[in-house]
Amino acid sequence: MAALVRPDGKISVPIIGDIQAAGHTPSEVSESIKRQLAAYIREPNVAVILTDLRSSEFLTRVRVTGAVRTQRSMPHRQGMTVLDAVLEAGGVNDFASPNRTKVFRKLKDKTQVIEIELGDILNKGRLETNILLRPGDVLTVPERLF
């Protein structure tokens, strides 16, 4: 049987129901399932194998890269904008070309590229491109060409 770990950190196992998997090793999950199945099955044999790491904590982060003071990978927060993320990364550095900033957003099998006029946001208060970020977005501030 294959089971995916749900966002609440649990898996569903026939007969015994939900088991907490997040935060435990595969052998700990196996032992927990074995103990609970023992009430229904004589000497249950259980193996738990991790096949794909898709930590929800990893997938729900926003990354800020390029010409910022501190490149960051931060948890996404509801209502987080481009400006919020850049400020959390310490702002742009002296070599930044902020009006060439881009947000890369994965949509199914494609990556959407969104142009951001970060210089206008920071220096002119023009918030038209201060978009809401989504989990998994990558915000990149390029360096100037000299």
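The report below covers a helix, the salt bridges, a surface patch and a few loop residues.

This is a predicted model, in which local features need pLDDT of at least 70 and side-chain atom pairs count only at pLDDT 80 or more, while totals for chains, interfaces and linings use all residues. Residues are numbered from 1 along each chain as its sequence is written, and side-chain values use heavy atoms, with hydrogens and water left out.

**Helix α1**

Helices (H or I, at least four residues) and strands (E, at least two) are DSSP runs, numbered from the N terminus. With 12 residues, α1 reaches 16 Å from its first C-alpha to its last, close to the 16 Å expected at 1.5 Å a residue; the expected span is 1.5 Å times one less than the number of residues. Val29, Ser30, Ser32, Ile33 and Leu37 are the buried residues of α1. These buried residues line one face of the helix, because they fall within an arc of 165 degrees when seen down the axis of α1; the arc is that of the directions from the helix axis to the C-beta atoms. Their cover includes β1 (10–13) and β2 (17–20). Here buried means under 20% relative accessible area, exposed over 50%, and partly exposed in between (1.4 Å probe, protein chains only).

**Salt bridges**

A salt bridge is a side-chain nitrogen of Lys or Arg within 4 Å of a carboxyl oxygen of Asp or Glu, and by this rule the count comes to nine.

| Pair | N to O distance |
|---|---|
| Lysine 34 and glutamate 31 | 3.6 Å |
| Arginine 72 and glutamate 88 | 3.6 Å |
| Lysine 124 and aspartate 120 | 3.7 Å |

Lysine 34 and glutamate 31 both sit in α1, three residues apart, about one turn of the helix. Lysine 34 is partly exposed at 27% relative accessibility, and glutamate 31 is partly exposed at 38%.

The salt bridge between arginine 72 and glutamate 88 links distant parts of the chain, with arginine 72 in strand β4 (residues 72–75) and glutamate 88 in helix α3, 16 residues apart.

Lysine 124 and aspartate 120 share helix α4 (residues 118–124) and are four residues apart, about one turn. An α-helix has 3.6 residues a turn, so residues three or four places apart point the same way. Even so, lysine 124 is exposed at 60% relative accessible area, whereas aspartate 120 counts as buried at 9%. Asp120 and Lys124 also belong to a network of salt bridges with Arg126 and Glu128.

**Loops and surface**

Ile15, Tyr40 and Ile41 make a nonpolar surface patch of about 330 Å². Tyrosine 40 is in the loop between α1 (26–37) and α2 (56–59) and is exposed, with a relative accessible area of 57%. Isoleucine 15 lies in the loop between β1 and β2 and is exposed, with a relative accessible area of 57%.

Glutamate 43, in the loop between α1 and α2, has a positive phi of about 45 degrees although it is not a glycine. Most residues other than glycine have a negative phi.

Is serine 97 buried or exposed? Serine 97 counts as buried, at 14% relative accessibility. Leaving aside neighbours within four places in sequence, serine 97 is in contact (heavy atoms within 4.5 Å) with Pro142, Glu143 and Arg144.

Key:
Patches are made of residues with over 30% relative accessible area and no salt bridge: like charges are joined within 9 Å, nonpolar side chains (Val, Leu, Ile, Met, Phe, Trp, Tyr) within 5 Å. Accessible areas come from the Shrake-Rupley method with a 1.4 Å probe; for residues, only the protein chains shown count as cover.
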